[in-house]
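Subject: Structure for you to look at

Hello,

Here is the structure I said I would pass on. Please have a look before reading my notes below.

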Amino acid sequence: MKVECLKEKLEKAIVKADKVTSKNVTLPVLKYVLLIAKDNNLIIRATNLDLGLEIKISVKVEKEGVVAIPADILRSYITNLPNDSKVILSADGNKLSITTENSKTNINTYPYDEFPSIPTLKDVKTLKIPVEKLLQGLRSVWYSASPASMKPELSSIYVYYEDGHMVFAATDSFRLGEKKIQVKKLEEFESILIPFKNVVDIIKVLDDAVGDIEIRITQNQISISVGDIYITSRVIDGIFPDYRQIIPEEYETEVVVLKQDIFDVLKRSNIFSDKFNRITFDIKPKDKKFNVYTSNQEVGESISEISAALTGIKTKLSFSYKNIMDCFQSITTDSVVMKFEERKPLLIQGVGDKSFTYIAMPMNK
């Protein structure tokens, strides 16, 4: 194999591929990327068996071939080369040579015939949506899923189609996020559960992608194609909780507050929270007071009053700091509405925007 390409183009692809590799000690080949030189393209493949990635970049191919190389070593070396460098990759025997104008480096390779294949989904209906809509949906809710759970459906992002919207939902049973993205009518869209850890990598890989993506879904896999990027992910075989029934329709107390105000107060207050990161909201509509209270016996305590529009009855509830703070990244409006009631989850939405709904369970007193 022998190819010539620009450093920036190669670096961009290798950095994305390295995110997908695995440090699985029982399958060392998973920490490698596969480089395939063919038809004036360099195809870069990576997989951790749960998630597969293929990126195609145009290069000058002098000799076609295939080689497997450690992803982290290749990424570290390529990213530290000078910008605007022309890079020549040439494989001979069990070594890959990386040559630039002022340097030459040899990296040991791995038998490429042991590299796992990446599924290609054929004879499946293709769905098309703008890539930014997929990313917006995933980014809005992914943090609400459980990173590790005995219940796989709680470690997943649930995606389905309903009434002209692609709906994304995730929960770890203590909080839940739902985002509705308006799309063109999708025929035969099957609801799917995408593993949490795969969603994190999908977001990173597609971060700078543009245009429409093509989605194909089978019983066990989903594939995403956009430009020269192809991703395939395992999907979870399970049933997502019927979460709509736990979102209360009515509340006793409502607070409308500037997002930045509540965000800043929570950050300061958390310095004095206890080992459970407990944040207490004390709402007194008649006195027009909305206070945030935290206390730690070893550090001290903090009470902050926030300017807000209050309606309803006197309420005092505590929540996990993280379970409140995470949702603000998904709210695009300047103000948020927070709805409270004893023994019910807190509901947070952007004022005038019901496309994103977030609920958090109160902590025990």
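Is Glu62 buried, partly exposed or exposed? Glu62 counts as partly exposed, at 46% relative accessibility (buried means under 20% relative accessible area, exposed over 50%, partly exposed in between, with a 1.4 Å probe and protein chains only).

Some notes on the source. This is a predicted model, where local features need pLDDT of at least 70 and side-chain atom pairs count only at pLDDT 80 or more, while totals for chains, interfaces and linings use all residues. Residues are numbered from 1 along each chain as its sequence is written, and side-chain values use heavy atoms, leaving out hydrogens and water.

The chain has six helices and 26 strands (DSSP runs numbered from the N terminus: H or I of at least four residues for helices, E of at least two for strands). Of its 365 residues, 52% are buried.

Now the salt bridges (a side-chain nitrogen of Lys or Arg within 4 Å of a carboxyl oxygen of Asp or Glu). The count comes to 20.

One of them joins Glu62 and Lys2, at 3.7 Å from N to O. Glu62 lies in strand S5 and Lys2 in strand S1, so the pair ties together parts that are 60 residues apart in sequence. Lys2 is partly exposed, at 33%.

Another joins Arg75 and Asp18, with the closest N and O atoms 2.6 Å apart. Arg75 is in helix H2 and Asp18 in helix H1, 57 residues apart. Arg75 is partly exposed at 26% relative accessible area, whereas Asp18 is buried at 14%.

Regards
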